[in-house]
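Work through these exercises with the model open beside you. Try each task before you read its solution.

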Amino acid sequence: MIDIIANIASILGFTMQMNDKFFAHGMNKEQADNEMLLLFLKQLSVKSKAIKEIHQKYHSLSNDFRLVAVFLTNPVIYEKIVTNRSRALRNALKESLQTPSARIAQTQLSAQLRPCFENLLVSIKDESHLSVEFSGINDCEMKAILRKILNAQKEIFQLHQQFCGIMKTIGSYPLGNWGYSEFDFIKTNQRVFISDFYSIIDYADIILMGYLDIYHCALNLK
């Protein structure tokens, strides 16, 4: 069991002392397996806490940002905004990006979640390196879960970086009337508000559920 746990830990980027330490203290195989499993589950708890904080933070912002998505997905409202036929609607869109939640996203979100992402992310490994580590796991279901987690971690990090960058730019815009360039920037990046923002929450769910699956699989290893 200890070798499988070590492979899973390495794939997920866990920082753990390997079995040499355990055997050096005179542990038998069963004791070493149990000790490794305990360390693994502790690391899994740390990673789970990090992704849970990311999920909670984005979920807490979602109500205010839902209004932005409504402006950009309703064809009647959107047409009036982009053609400058309704200054009231354009100002309403601007104000929806100046709410307390928007200000948090513009000025604080990146710094607030940096420790969580640093805790969550694994070092980028090439496919050949990962293939070697995956070769030590015979359970196809386990491999699929790990692949799903790794893909979700990659996607959530990229989307988070993009979202924070766009919100930082919007945060530099004046509080008064916006011109064409400001609204053009919103139009160009509308996908961030329509789908990418909510994909971050979805990917966080995938990672959390993946960790739960890994937890149950690890407990049942023989």
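The exercises below cover confidence, helix packing and aromatic pairs.

This is a predicted model, in which local features need pLDDT of at least 70, side-chain atom pairs count only at pLDDT 80 or more, and totals for chains, interfaces and linings use all residues. Residues are numbered from 1 along each chain as its sequence is written, and side-chain values use heavy atoms, with hydrogens and water left out.

**Exercise 1. Find the elements with the lowest and the highest mean pLDDT.**

Step 1. Recall the scale: pLDDT is the predictor's confidence in each residue, from 0 to 100. The chain has a mean of 85, and 88% of its residues reach 70 or more.

Step 2. Compare the elements. Helices (H or I, at least four residues) and strands (E, at least two) are DSSP runs, numbered from the N terminus. Helix H2 (residues 19–24) has the lowest mean, 55. Helix H6 (residues 100–107) has the highest, 94.

Step 3. Where pLDDT is low, the predicted coordinates should not be read in detail.

**Exercise 2. Describe how H3 packs against H7.**

Step 1. Take the axes, which are lines fitted to C-alpha atoms, for helices over the stretch in contact; angles run from 0 to 180 degrees between N-to-C directions. The axes of H3 (residues 29–73) and H7 (residues 109–120) come within 8 Å and cross at roughly 150 degrees.

Step 2. Name the arrangement. Under 35 degrees is roughly parallel, over 145 roughly antiparallel, 65 to 115 roughly perpendicular, and the rest oblique. H3 is therefore roughly antiparallel to H7.

Step 3. List the contact (heavy atoms within 4.5 Å). On H3, the residues include Val46, Ala50 and Ile54. On H7, they include Leu113, Cys116 and Phe117.

**Exercise 3. Describe how H6 meets H9.**

Step 1. The axes of H6 and H9 (residues 140–171) come within 7 Å and cross at roughly 110 degrees. So H6 is roughly perpendicular to H9.

Step 2. Ala102, Arg103, Ala105 and Gln106 in H6 meet Phe163, Met167, Lys168, Ile170 and Gly171 in H9.

**Exercise 4. How are the rings of Phe65 and Phe163 arranged?**

Step 1. Apply the rule: rings of Phe, Tyr and Trp (its six-membered ring) pair if their centres lie within 6.5 Å; planes under 30 degrees apart count as stacked, over 60 as edge-to-face and the rest as tilted. The count comes to 10 aromatic pairs.

Step 2. The centres of Phe65 and Phe163 are 5.5 Å apart and the planes stand at 70 degrees, so this pair is edge-to-face.

Step 3. Phe65 lies in H3 and Phe163 in H9, so the pair ties together parts 98 residues apart in sequence.
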